[in-house]
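The exercises below ask you to read packing and strand pairing from a structure. Try each task before reading its solution.

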Amino acid sequence: MLMASVATIAGLLIACSPSATTAPSSAPTPSAAATTTVAASPSAAAQKPVTISVASLRPGSTQAAFDAFNLQVSQFEAKYPWITIDGQEYNWTAPTFTAALAAGTLPDVYTIPFTDGKGLIQQGQLVDIDARVRALPYATKFNPNVLVNGQDDKGKIYAVPTQAYGMSLTYNRTLFKQAGLDPDKPPTTWDEVRADAKIIAEKTHVAGFSQMATQNTGGWQLTTLTYAFGGRMEVTDSSGKTKATVDNAATKAALKLLKDFRWTDGSMGATFDYNWGTVNQAFSSGQIGMFLGGSDLYTAMVQNNNLNPADYGVTTIPLASDSNSGVLGGGTLAAVNVNTTEAQRDAAVDWIDFYYMNKLNTQDGAVTDAKALAANKQPVGVPALPIFDKATYDESQTWIKDYINVPTNQMTGFTSGIFSQPLINEPTKNTQDLYATLDPVVQAVLTDKNADIDALLKAANTQVQAVIDKG
């Protein structure tokens, strides 16, 4: 989702992508702690010891990232000495999450994409933490259109938003230079993206543009393109009935664009089964000129893929000249496992408050987090969309300005344009099922020169409608 203006940003934030930064991973960004001593809660003596397991970082994160996380744990346990934190490596993907949920092996506090919130609430698989969250001093400051992703239809809170993002065009500045393109002037239309991708492929012999296509990311990215072209994947009428519309004209145009990249221009290289993790790795190793991803990818690439910061560039997604075109937005929710005691649920909300929220709404928390992240050579200042009201977000950026260590001058294409683009929610009904149904459609277009786009989308629409009707 994007915003129509800076003034309306708080009202337009939305749901999240399929996987990690889900297909971005919803594994949390490491929030570091300072080494200063934190006073224990005055009620500590009255508390009984309790242990909770929490999602820490994605497997493969750097040691510095884990060090930063462990510092935060130490500070939390100093403040809440009766609570012991058991950090567990965690990476959300649709298949692994479903299996862990069924097996009961999720941590006591884990993260999910916005798109999963409503469905898990309806299935009774998230804990009602409404009273606990509303008792927090900043509860009234949440951006309502972000918080809604973790609420039921009566407004009760079951999961807390921790980060939000808008989809963007990520590009490799080094490859742009090698291809004779100006990295300070990224493409602003799809015709320019296509032309630049072809030049990059011809001059550097790597993929000028790449597309994710597996683990629900193909459907997620196709939805991103559909929104940019002015279409929607589903519509809900005034009676609440949802109709699948994946065979709309904008989706057909999006697939035609991918077909042109692949078969007419030959600018997509030879890999057509990327998912979120593998496309990030390929980009970080200099194998991809451009691809669509979350505006927050820089952090994951630095932590997991040894990204050279000089390579990274990010700008807004080109939008068609259609009044309905916009940018898909998403984010991450922190949730509490249903297999927990009341004491563990109290501790879980204390952890969510401390680890995720403190750095977003208090100066001490923001500075402590930024200072320690910087000390551990972790990114500070990556573009984000506000979880709280815009005034709180803007103020928080002034608190951490002395610690920002990311190349913000390479991100101005995004930061200067995102607030003038409308943000659009991801599909709300059976989101991951919709994405999974569209993965094979994207794969077919990228691997079969004669793929019948109309027939593929007609069949997919029937499948998606059947899932929606089933509930």
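**Exercise 1.** In this predicted model, find how strand β3 (residues 109-113) is joined to β9 and in which sense the two run.

Solution. Step 1: count the bridges; five join β3 to β9. Step 2: take the sense of the pair, which is antiparallel.

**Exercise 2.** State which other strands pair with β9, using β4 and strand β10 (residues 423-424).

Solution. Step 1: β4 and β9 run antiparallel and are joined by seven bridges. Within β9, T332 is the residue opposite Q163. Step 2: with β10 the pairing is parallel, over two bridges. Here V327 stands opposite L423.

**Exercise 3.** Is strand β9 (residues 327-336) mostly covered or uncovered?

Solution. Step 1: count the buried residues; ten of the ten in β9 are buried.

**Exercise 4.** Describe the pairing of β7 with strand β4 (residues 159-172), then explain why β7 counts as largely enclosed.

Solution. Step 1: β4 and β7 run antiparallel, with five bridges between them. M167 is placed opposite G294 of β7. Step 2: strand β7 covers residues 290-294, and because five of its five residues are buried, the rest of the structure largely encloses it.

**Exercise 5.** Which residues touch the most other members of the largest nonpolar core?

Solution. Step 1: the core has 129 residues, and the ones to name are W190, F209 and W351. Step 2: ask which element gives the largest share; helix α13 (residues 342-361) does, with nine residues. Step 3: look at F209 in detail. Leaving out residues up to four places away in sequence, F209 touches L169, W190, V193, A197, L258, F261, S267, M268, M290, F291 and L292. Step 4: note that another core, of seven residues, lies apart from the largest one; A68, A370, W399 and I400 are among its members.

**Exercise 6.** Classify the crossing of helix α11 (residues 276-284) with helix α12 (residues 297-305).

Solution. Step 1: the axes come within 10 Å and cross at roughly 80 degrees. Step 2: angles of 65 to 115 degrees count as roughly perpendicular, so α11 is roughly perpendicular to α12. Step 3: list the contact. From α11 come W276, N280, Q281, F283 and S284; from α12 come L297, A300, M301, N304 and N305. Step 4: sort these residues into five nonpolar, five polar and no charged.

**Exercise 7.** Where is K377 found, and is it buried or exposed?

Solution. Step 1: K377 is in the loop between α14 and α15. Step 2: its relative accessibility is 70%, and since exposed means over 50%, K377 counts as exposed. Step 3: K377 is not a glycine, yet has a positive phi of about 60 degrees.

Definitions and conventions:
Residues are numbered from 1 along each chain as its sequence is written. This is a predicted model: local features need pLDDT of at least 70, side-chain atom pairs count only at pLDDT 80 or more; totals for chains, interfaces and linings use all residues. Side-chain values use heavy atoms; hydrogens and water are left out. A nonpolar core is a set of buried Ala, Val, Leu, Ile, Met, Phe, Trp, Tyr and Cys residues joined through side-chain atoms within 4.5 Å. Buried means under 20% relative accessible area, exposed over 50%, partly exposed in between (1.4 Å probe, protein chains only). Helices (H or I, at least four residues) and strands (E, at least two) are DSSP runs, numbered from the N terminus. Contact means heavy atoms within 4.5 Å. Two strands pair if DSSP finds at least two bridges between them. Axes are lines fitted to C-alpha atoms, for helices over the stretch in contact, and angles run from 0 to 180 degrees between N-to-C directions. Angles under 35 degrees count as roughly parallel, over 145 as roughly antiparallel, 65 to 115 as roughly perpendicular and the rest as oblique. Ala, Val, Leu, Ile, Met, Phe, Trp, Tyr, Cys and Pro count as nonpolar, Asp, Glu, Lys and Arg as charged, and the others, Gly among them, as polar.
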